[in-house]
Amino acid sequence: MEQIFANVFATLLIDCRQQMIPMVNEVHGSNYTREDEVVLSHEEHYLKNNEELEKRISDSHFSVKRKDELERYHFECQTKQDASMPKRMAEYELPIALEHSEVEGNVMKVKLPSAAVLQLQCSRNMPDEYKIQISTSEGEVVHKVRIMKLNHYSVRDIFEKGLYLLIPYHILVYKKQFNEYNKDEGKLAKLLKVYEEILVRLEEAMEKGRIDGHAVYTIILMSRRIIEHVTAGYDRIRERLGEIMGGVVLDNPARAIFANGKNVGKAEGKIEGRLEGKIEGRIELCIAMLKDGIISMAEAAKRLGMNEEEVRQYL
């Protein structure tokens, strides 16, 4: 597997942890809400192999906490179909289960985490789940690993279900058409329109409080990273998509509410809070892009409806 995809997934989990809630709900049919907490766990575990310890690093091992209940999950990001995947999942999950086992009297309780794989590329005969069959003298138990197939989710699906963490990988859906996009301006324009829509809808989701500005920024940055990687050799696509992913829609002026860093609006209560949150999210996103050199000071000021000195105050 190309390491960049796993690295991006790990970054998304750390910086956008609450956005794992819709992913878990989609794959496992759970009903968690944004009020439930995602708790990260360390990813290194060791297995003994021929008298030597081998390190296993999972892409994401985390828990979801609802009140006093804690459920453990394991999510891997996989590029191509791999017959060894069930074995690898077991190698990750058994140490996790043993680490969090409990002993009550003469009974040791071991529970495997609920598991899933985000499959980035798959054929038509790709199964919907892997099965790990555990046999004992008392009988057999089947542990299921759900498979989340990237190409089953359109842009509409992503936003209707809140699966924002699929956005950085969405470019892979179009990879087979790269030759056509690189040569045909009309076809390339359709691809560019898809990403313009993604950015607009991301901003709308941020304004509605479904995702915060920091998570939006991370998703855009990780999208740029994967786009730059997979479009190597397709300079036209890379350049045009790069321009779009560096041009997040931030068209509503912030100055009306945050002139010189002070709130001058007269709205009260919930309306004021929502408006302030909306503007703060935009400022947070724009400042993060400025710090990483994606946009200039002048561009940041233009997008936020501020002068450069006001931007410097936030910076």
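For sorting residues by type, Ala, Val, Leu, Ile, Met, Phe, Trp, Tyr, Cys and Pro count as nonpolar, Asp, Glu, Lys and Arg as charged, and the rest, Gly included, as polar. The model is a predicted one, so local features need pLDDT of at least 70 and side-chain atom pairs pLDDT 80 or more, while totals for chains, interfaces and linings use all residues. Residues are numbered from 1 along each chain as its sequence is written, and side-chain values use heavy atoms, with hydrogens and water left out.

Pockets come first. A pocket here is an open set of points on a 1 Å grid over the protein atoms alone, where a 1.4 Å probe fits and protein lies on both sides within 12 Å along at least five of seven lines; lining residues have an atom within 4 Å of a point. Volume is the space filled by probe spheres set on the points, which are joined across faces, edges and corners. The largest pocket comes out at about 370 Å³. It is lined by 22 residues, and Q19, P22, R34, R210 and I211 are the closest to its centre. That lining splits into eight nonpolar, seven polar and seven charged residues. The second largest pocket has a volume of about 290 Å³. Its lining includes L120, C122, N151 and K175, and divides into five nonpolar, four polar and two charged residues.

Now for the packing. A nonpolar core is a set of buried Ala, Val, Leu, Ile, Met, Phe, Trp, Tyr and Cys residues joined through side-chain atoms within 4.5 Å, where buried means under 20% relative accessible area, exposed over 50% and partly exposed in between (1.4 Å probe, protein chains only). The largest such core holds 77 residues, with F75, Y169, I171, Y195 and L202 making the most contacts inside it. Another core, of twelve residues, lies apart from it and has Y92, C122, M126 and V145 among its members.

As for the aromatics, rings of Phe, Tyr and Trp (its six-membered ring) pair if their centres lie within 6.5 Å; planes under 30 degrees apart count as stacked, over 60 as edge-to-face and the rest as tilted. Six aromatic pairs turn up by this rule. F62 and Y73 are stacked, because their ring centres sit 5.9 Å apart with the planes at 25°. F62 is buried at 0% relative accessible area, and Y73 is buried too, at 5%. The F178 and Y234 rings, with centres 5.3 Å apart and planes at 65°, are therefore edge-to-face. Here F178 is buried at 1%, whereas Y234 is partly exposed at 21%.
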